[in-house]
Amino acid sequence: METRHAIISFSQGEKVKSGLIWCSHCAQIMQNLPTPEQMGAQRLLQGLIAMIANEAQVARQVSGDPVWLEVDKHLNNARVMVDSGVSHEADFHFTQALSQVNRISQRAMTHLIEQGLLS
(Lines give C-alpha, C1' and ligand atoms only; values in the text may rest on other atoms or scores of the structure.)
Protein backbone atom coordinates (compact mmCIF):
# COMPACT_ATOMS: atom_id res chain seq x y z
CA MET A 1 0.00 0.00 0.00
CA GLU A 2 1.32 3.42 -0.90
CA THR A 3 1.49 6.01 1.84
CA ARG A 4 -0.75 8.39 -0.10
CA HIS A 5 -3.42 5.70 -0.48
CA ALA A 6 -3.09 4.76 3.19
CA ILE A 7 -3.69 8.36 4.27
CA ILE A 8 -6.75 8.64 2.06
CA SER A 9 -8.10 5.25 3.14
CA PHE A 10 -7.60 6.09 6.80
CA SER A 11 -9.19 9.53 6.65
CA GLN A 12 -12.09 8.45 4.43
CA GLY A 13 -12.56 5.36 6.55
CA GLU A 14 -12.98 7.40 9.71
CA LYS A 15 -15.46 9.69 7.98
CA VAL A 16 -17.49 6.79 6.59
CA LYS A 17 -17.44 4.91 9.90
CA SER A 18 -18.94 7.85 11.76
CA GLY A 19 -21.61 8.21 9.05
CA LEU A 20 -22.50 4.54 9.28
CA ILE A 21 -22.90 4.82 13.04
CA TRP A 22 -25.22 7.80 12.55
CA CYS A 23 -27.26 5.82 10.01
CA SER A 24 -27.56 2.87 12.33
CA HIS A 25 -28.80 5.08 15.15
CA CYS A 26 -31.27 6.84 12.85
CA ALA A 27 -32.68 3.52 11.65
CA GLN A 28 -33.18 2.40 15.25
CA ILE A 29 -34.77 5.67 16.35
CA MET A 30 -37.05 5.67 13.32
CA GLN A 31 -38.81 2.52 14.53
CA ASN A 32 -40.19 4.35 17.56
CA LEU A 33 -41.43 7.47 15.81
CA PRO A 34 -45.08 8.09 14.99
CA THR A 35 -45.94 7.22 11.40
CA PRO A 36 -46.07 10.80 10.04
CA GLU A 37 -42.63 11.54 11.48
CA GLN A 38 -41.19 8.34 10.05
CA MET A 39 -41.48 9.76 6.53
CA GLY A 40 -39.24 12.71 7.42
CA ALA A 41 -36.79 10.43 9.20
CA GLN A 42 -36.74 8.14 6.16
CA ARG A 43 -35.81 11.06 3.89
CA LEU A 44 -33.08 12.08 6.30
CA LEU A 45 -31.71 8.54 6.36
CA GLN A 46 -31.81 8.32 2.57
CA GLY A 47 -29.77 11.52 2.37
CA LEU A 48 -27.21 10.26 4.87
CA ILE A 49 -26.80 6.98 2.99
CA ALA A 50 -26.31 8.88 -0.28
CA MET A 51 -23.62 11.10 1.28
CA ILE A 52 -21.80 8.11 2.76
CA ALA A 53 -21.99 6.24 -0.54
CA ASN A 54 -20.41 9.23 -2.29
CA GLU A 55 -17.56 9.29 0.24
CA ALA A 56 -17.02 5.54 -0.21
CA GLN A 57 -16.89 5.98 -3.99
CA VAL A 58 -14.31 8.75 -3.65
CA ALA A 59 -12.22 6.52 -1.40
CA ARG A 60 -12.44 3.60 -3.84
CA GLN A 61 -11.50 5.71 -6.83
CA VAL A 62 -8.58 7.42 -5.12
CA SER A 63 -7.19 4.51 -3.11
CA GLY A 64 -7.97 1.72 -5.53
CA ASP A 65 -8.80 -0.61 -2.61
CA PRO A 66 -11.34 -3.19 -3.83
CA VAL A 67 -12.80 -3.61 -0.32
CA TRP A 68 -14.61 -0.30 -0.87
CA LEU A 69 -16.75 -2.20 -3.41
CA GLU A 70 -18.00 -4.38 -0.55
CA VAL A 71 -18.85 -1.25 1.42
CA ASP A 72 -20.75 0.07 -1.57
CA LYS A 73 -22.66 -3.21 -1.92
CA HIS A 74 -23.77 -3.09 1.72
CA LEU A 75 -24.76 0.58 1.40
CA ASN A 76 -26.87 -0.24 -1.66
CA ASN A 77 -28.58 -3.06 0.24
CA ALA A 78 -29.25 -0.71 3.16
CA ARG A 79 -30.65 1.87 0.74
CA VAL A 80 -33.05 -0.72 -0.67
CA MET A 81 -34.23 -1.61 2.84
CA VAL A 82 -34.83 2.04 3.73
CA ASP A 83 -36.56 2.77 0.42
CA SER A 84 -38.79 -0.28 0.96
CA GLY A 85 -39.93 0.99 4.34
CA VAL A 86 -38.11 -1.63 6.43
CA SER A 87 -35.35 0.57 7.82
CA HIS A 88 -34.81 -1.68 10.81
CA GLU A 89 -33.54 -4.33 8.37
CA ALA A 90 -30.89 -1.90 7.08
CA ASP A 91 -29.02 -2.05 10.38
CA PHE A 92 -27.49 -5.40 9.40
CA HIS A 93 -26.06 -3.86 6.24
CA PHE A 94 -24.75 -0.81 8.11
CA THR A 95 -22.95 -3.17 10.49
CA GLN A 96 -21.47 -5.18 7.63
CA ALA A 97 -20.28 -2.01 5.89
CA LEU A 98 -18.82 -0.77 9.17
CA SER A 99 -16.89 -4.01 9.54
CA GLN A 100 -15.40 -3.63 6.05
CA VAL A 101 -14.48 0.02 6.61
CA ASN A 102 -12.89 -0.93 9.90
CA ARG A 103 -10.77 -3.47 8.01
CA ILE A 104 -9.68 -0.83 5.52
CA SER A 105 -8.85 1.71 8.23
CA GLN A 106 -6.93 -0.83 10.29
CA ARG A 107 -4.79 -1.86 7.32
CA ALA A 108 -4.12 1.78 6.43
CA MET A 109 -3.29 2.67 10.03
CA THR A 110 -0.87 -0.26 10.29
CA HIS A 111 0.90 0.94 7.15
CA LEU A 112 1.12 4.49 8.46
CA ILE A 113 2.54 3.28 11.79
CA GLU A 114 5.12 1.16 9.98
CA GLN A 115 6.13 4.22 7.98
CA GLY A 116 6.52 6.21 11.18
CA LEU A 117 3.73 8.62 10.25
CA LEU A 118 1.48 7.62 13.16
CA SER A 119 2.42 6.59 16.63
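A residue counts as buried when its relative accessible area is under 20%, as exposed when it is over 50%, and as partly exposed in between, using a 1.4 Å probe and protein chains only. By that scale Lys 73 is partly exposed, at 39% relative accessibility. Welcome to a predicted model, in which local features need a pLDDT of at least 70 and side-chain atom pairs count only at pLDDT 80 or more, while totals for chains, interfaces and linings use all residues. Residues are numbered from 1 along each chain as its sequence is written, and side-chain values use heavy atoms, with hydrogens and water left out.

**Overall layout**

- The protein has four helices and zero strands, where helices (H or I, at least four residues) and strands (E, at least two) are DSSP runs numbered from the N terminus.
- Read from the N terminus, the order of elements is α-α-α-α.
- Along the principal axes, the C-alpha atoms fill a box of roughly 50 × 25 × 20 Å.
- Of the 119 residues in the protein, 39% are buried.
- The accessible surface is about 6,600 Å², and carbon and sulfur atoms hold 56% of that surface; the areas come from the Shrake-Rupley method with a 1.4 Å probe, and for residues only the protein chains shown count as cover.

**The nonpolar core**

- A nonpolar core here is a set of buried Ala, Val, Leu, Ile, Met, Phe, Trp, Tyr and Cys residues joined through side-chain atoms within 4.5 Å.
- The largest such core has 25 residues, and those with the most contacts inside it are Leu 20, Leu 45, Trp 68, Val 71, Leu 75 and Phe 94.
- Helices H1 (3-30), H2 (35-63), H3 (67-83) and H4 (87-114) each give two or more residues to this core, and H2 supplies the largest share, eight residues.
- Leaving out residues up to four places away in sequence, Leu 20 touches Ile 52, Leu 75, Phe 94, Ala 97, Leu 98 and Val 101.

- Ala 97 sits in helix H4 and is buried, at 0% relative accessibility.
- With residues up to four places away in sequence set aside, Ala 97 touches Leu 20, Val 71 and His 74.

**Ser 24 and its partner**

- Ser 24 belongs to helix H1 and counts as buried, with 15% relative accessibility.
- The Ser 24 side chain makes a polar contact with the side chain of Asp 91 at 2.4 Å.
- A polar contact is a pair of N or O atoms within 3.5 Å; within protein, one must be able to donate a hydrogen and the other to accept it, and residues adjacent in sequence count only if both atoms are side-chain atoms.
- Beyond its neighbours within four places in sequence, Ser 24 is in contact with Asp 91 and Phe 94.

**Cysteines**

- A search of the whole structure turns up zero disulfides, a disulfide being a pair of cysteine sulfur atoms within 2.5 Å.
- The sulfur of Cys 23 has its closest cysteine sulfur in Cys 26, 6.4 Å away, which is too far for a bond.
- Cys 23 is buried, at a relative accessible area of 0%, and Cys 26 also counts as buried, at 18%.

**Salt bridges**

- Side chains of opposite charge can pair when their charged atoms come close.
- The count comes to four salt bridges, each being a side-chain nitrogen of Lys or Arg within 4 Å of a carboxyl oxygen of Asp or Glu.
- Glu 14 and Lys 17 form one of them, at 2.9 Å from N to O; these residues are three apart in helix H1, so about one helical turn separates them.
- Glu 14 is partly exposed, at 34% relative accessibility, whereas Lys 17 is buried, at 14%.
- Arg 107 pairs with Asp 65, with the closest N and O atoms 2.1 Å apart.
- Because Arg 107 lies in helix H4 and Asp 65 in the loop between H2 and H3, this pair ties together parts that are 42 residues apart in sequence.
- Arg 107 is partly exposed, at 35% relative accessibility, while Asp 65 is buried, at 8%.
- Lys 73 forms a salt bridge with Glu 70, with the closest N and O atoms 3.4 Å apart, and the two are three residues apart in helix H3, about one helical turn.
- Glu 70 is partly exposed, at 34% relative accessibility.

Definitions and conventions
Contact means heavy atoms within 4.5 Å.
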